[in-house]
Amino acid sequence: MNEKLHVSHLTFDGSATYQIWVGGHVASNWSDRMEGMSVRQPANENGPVVTLLEGKLIDQAALAGLLNTLYEMHLVVLSVECMSVSQEHSSPSQPDETSR
């Protein structure tokens, strides 16, 4: 995790921006399947092919779904880093006891 972030800023239903490195090639036109994240392969002339996925995910469920997609594609996840956290939440807050 980015050293500037503190775990108390992360929430289960909040959005955050991630960098995910995977071993192997992911086509750039697969961005929709990758939850809309940007897809690129940095130049790496002497090493194995790696792909960098970058972008905002709406919540932890979206992150889990993306990681599951990478698993189904038999791609090795090299790292997942939370770069920034949004203050907004993807779902409305729970109703209080008086509204039931």
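This is a predicted model: local features need pLDDT of at least 70, side-chain atom pairs count only at pLDDT 80 or more; totals for chains, interfaces and linings use all residues.
Local features need pLDDT of at least 70 and side-chain atom pairs count only at pLDDT 80 or more, while totals for chains, interfaces and linings use all residues. Residues are numbered from 1 along each chain as its sequence is written, and side-chain values use heavy atoms, without hydrogens or water.

View 1. T17 sits in strand β1, residues 14-23 (strands are DSSP E runs of at least two residues, numbered from the N terminus). T17 counts as partly exposed because its relative accessibility is 27% (buried is under 20% relative accessible area, exposed over 50%, partly exposed in between; 1.4 Å probe, protein chains only). Beyond neighbours within four places in sequence, T17 contacts G55, K56, E81, C82, M83 and S84 (contact: heavy atoms within 4.5 Å). I58 lies 41 residues from T17 in sequence, yet their C-alpha atoms are 8.8 Å apart.

View 2. Helix α1 spans residues 60-72, 13 residues in total (helices are DSSP H or I runs of at least four residues). From first C-alpha to last, α1 reaches 18 Å, close to the 18 Å expected at 1.5 Å a residue (the expected span is 1.5 Å times one less than the number of residues). Its buried residues are A62, L63, L66, T69 and L70. Seen down the axis of α1, these fall within an arc of 120 degrees, so they line one face (the arc is taken from directions between helix axis and C-beta atoms).
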